[in-house]
Amino acid sequence: MTDVMPILGYDAIEFWVGNARQAAHYYRTAFGFNVVAYAGPETGVRDRASYVLEQGAIRFVMTAGLGPDSPIVRHQALHGDGVRDVAFSVPNAEEAHATAVSRGATSWRAPESLEDDNGKLVVASVHAYGDTIHTFVDRSNYSGAYAPGYKKTRHWLPADSTGLRLVDHVVCNVELGTMDEWADYYASILGFSQLHHFNDDQISTEYTALMSKVLWDGEGRIKLPINEPAEGLKKSQIEEYLDFYGSAGVQHMALATDDIVSTVSALRANGVRFLSTPQSYYDDLRSRLDWTKIDADIEQLAKLGILVDQDDEGYLLQIFTKAVQDRPTVFYEVIERHGSRGFGVGNFQALFEAIERDQELRGNL
Ligand code: FE2
């Protein structure tokens, strides 16, 4: 079988935010990212300021517009701080774009070759859910800090790593009735296949029900769960997201670590706030899982609020942050996998109850 759309991995996740300098500072001090490159008026880019952050293989870009007519500023007014671009690294951006468009994607940016003294970077983008885009990036002939227009930063203090290593998955919330459409988009346009499917009798509490399909590239480099709200008694967390984001968009990114205990300890010490897990969750855990196959200290997990899930292939440890901006939209998951390719479906019940406690505090339940 030939791969219709070879993708090497995530190139970067670009956020459009209200204040990129302060967002960069937050991701540096709280999450342990190094601020490695900058583009803005000082580097000849007149309409925006962008900060490139890296930790392990994770690359985030924080971008803000500099005037009221900026599309970035309008995006921020509509959505709040959020993910604009989930960019993929590809061997040939021109081909990736042509393939995607021929299979039904709408082009946002035709292939463009960006050049400076460090070589040539080829980029091209297509529309995805909501106002989100996917940019295909070929940086095989480029050796600069990030892209033409960007300069290496010299004034940012190095960060203390929290051990975050790579992007494990990027989850989107889409409007009621559109999950299958978006699953088809990734299947037919990017050649992805379905890894999991959860329906609302697996994922539901008294208030929240959701359905989810996980699309992946078949190799595990890219995993994109798609959530759709389902009927609940009250407003589900997916609907709350859609109301506050104003459209479909990225709900959470899972960042992988090899040592979740030290990563979460560091994040907590830096002031990152996590959803709390009731003690009853840990009481149940002892009998619910096969502890002969899990190498973790349950007391330590309980102390830090880390969740555990197990399936036929192994187990995973995970925890979820609270939303990282004022609107109840984007949050993070920290994950440590041991064989399991799952997403913690066994934890969803406990997790949703925790999310709903927060939703109730906001008066949105
Ligand atoms: Fe997740």
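Residues are numbered from 1 along each chain as its sequence is written, and side-chain values use heavy atoms, with hydrogens and water left out. Because the model is predicted, local features need pLDDT of at least 70 and side-chain atom pairs count only at pLDDT 80 or more, while totals for chains, interfaces and linings use all residues.

Helices (H or I, at least four residues) and strands (E, at least two) are DSSP runs, numbered from the N terminus. Two strands pair if DSSP finds at least two bridges between them. Strands of a sheet pair through backbone hydrogen bonds, either parallel or antiparallel.

Strand β4 covers residues 58-65. Of its 8 residues, 8 are buried (under 20% relative accessible area, with exposed over 50% and partly exposed in between; 1.4 Å probe, protein chains only). In a regular strand the side chains alternate between the two faces of the sheet. In β4, I58, F60, M62 and A64 point one way. R59, V61, T63 and G65 point the other way.

Strand β4 pairs with β1 and with β3. Strand β1 (residues 9-16) runs parallel to β4, and 4 bridges join them. Here I13 stands opposite F60. The pairing of β3 with β4 is antiparallel and spans 8 bridges. R48 has G65 of β4 as its bridge partner. The hairpin of β3 and β4 has 2 residues between the strands, and G56 takes a positive phi near 55 degrees there.

T43 lies in the loop between β2 (34-39) and β3 (48-55). T43 counts as buried because its relative accessibility is 17%. Beyond its neighbours within four places in sequence, T43 is in contact (heavy atoms within 4.5 Å) with Y38, G149 and K151.

An open sheet is formed by 8 strands in the order β11-β12-β13-β10-β14-β17-β16-β15, with mixed pairing. β11 (193-198) and β15 (307-311) stand at its edges. Each has a single partner strand, so one side of each is left without a neighbour in the sheet. From one strand to the next, the twist averages 25 degrees. Strands β10 (residues 164-173) and β14 (residues 249-257) run antiparallel and are joined by 8 bridges. V171 has H252 of β14 as its bridge partner.

Helix α6 (residues 260-269) lies across β10, β14, β16 (314-320) and β17 (331-338). The helix runs at about 160 degrees to β17. Axes are lines fitted to C-alpha atoms, for helices over the stretch in contact, and angles run from 0 to 180 degrees between N-to-C directions.
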